[in-house]
Amino acid sequence: MSASTAVIRVLIADDHAIVREGIRQVLMSDEHTGFEVVGEASNGRQAVELARAHRPDVVILDLSMPELSGLEAAAAIREEVPQASILVLSIHDHEEYVVQSVRAGAQGYLRKDSTPAELRSAVRAIYEGRSAFSAPVVRTLSSVLRGEQAELEQRVQRRTLELAE
């Protein structure tokens, strides 16, 4: 089976049952499905345990969960199940959440106001080794990177002046 026709094994982790069911319905409503939900977790600790047990291709994680946060769960899953790709699905798009999620190993980050098609597309993208970020998250990352670049340039200028003295 090629990557485009392979069944993508997905673990869903969100502390709200209705959200987990909604994600499941979005994935399973795809005309050519291509998705298999291998587990659902209601907290971060359970997400790590289910990822370890089921070895999913993709883990969809909420950030705000009990027992272990989505960030802590993402880092633990990357450590214990490194082949699993992580997609954060959150209401938060603040700089600290986005950057920490990427640093914890997330290959994608969507806001919960994304469309069903965007969610399915993002799961496929990260399964195929690409990244997937919703537009507001891309703007946040771009802003962070521009700020880091400006800070780096200032440090280089200061160091150059120090060496010239």
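Predicted model: local features only at pLDDT ≥ 70, side-chain atom pairs only at ≥ 80, totals over all residues.
Let me start with V10, whose bridge partner in strand 2 is V37; this pair belongs to the contact between strand 1, residues 8-13, and strand 2, which run parallel and are joined by six bridges.

On its other pairing, strand 1 meets strand 3 in the parallel sense over four bridges, and here L11 has V59 as its bridge partner in strand 3. Moving on from there, strand 3 is joined to strand 4 by four bridges, again with the two strands running parallel, and V58 finds its bridge partner, S85, in strand 4. Between these two strands the chain passes through helix 3, and this β-α-β crossover, from strand 3 to strand 4, is right-handed.

If we now step back to the sheet as a whole, it is an open one of six strands, in the order 2-1-3-4-5-6 and with parallel pairing. Its edges are formed by strand 2, at 35-41, and strand 6, at 132-133, each of which pairs on one side only.

Helix 1, residues 17-28, lies across strand 1, strand 2, strand 3 at 58-61 and strand 4 at 85-90, and runs at about 175 degrees to strand 2. A simple check on helix 1 is its length: at 1.5 Å a residue, its twelve residues should span 16 Å, and the end C-alpha atoms are 16 Å apart, which agrees. Its buried residues are R20, I23, V26 and L27, and, seen down the helix axis, the buried residues fall within an arc of 125 degrees, so they line one face of the helix. What they pack against is strand 1, strand 2, strand 3, strand 4 and also helix 5.

Helix 3, residues 70-80, packs on the sheet as well, where it touches strand 3 and strand 4, and its direction makes about 165 degrees with that of strand 3. In this helix the buried residues are G70, L71, A73, A74, A76 and I77, and their cover includes helix 2 at 44-54 and helix 4 at 95-103, along with strand 3 and strand 4.

In sequence R124 and D57 are 67 residues apart, yet in space their C-alpha atoms are 10.0 Å apart.

To finish with the whole chain, the protein has six helices and six strands, and from the N terminus on they run β-α-β-α-β-α-β-α-β-α-β-α. Of its 165 residues, 44% count as buried. Finally, among contacts with a separation of 6 or more, 66% are accounted for by residues 24 or more positions apart.

Note on methods. Residues numbered from 1 in each chain as written. Heavy atoms only, no water. Pairing = 2+ DSSP bridges. Contact = heavy atoms within 4.5 Å. Axes fitted to C-alpha atoms, helices over the stretch in contact; angles between N-to-C directions. Right-handed = clockwise from strand over helix to strand, strands pointing away. Expected span 1.5 Å × (residues − 1). Buried < 20%, exposed > 50% of the residue type's maximum accessible area, 1.4 Å probe, protein only. Arc of directions from axis to C-beta.
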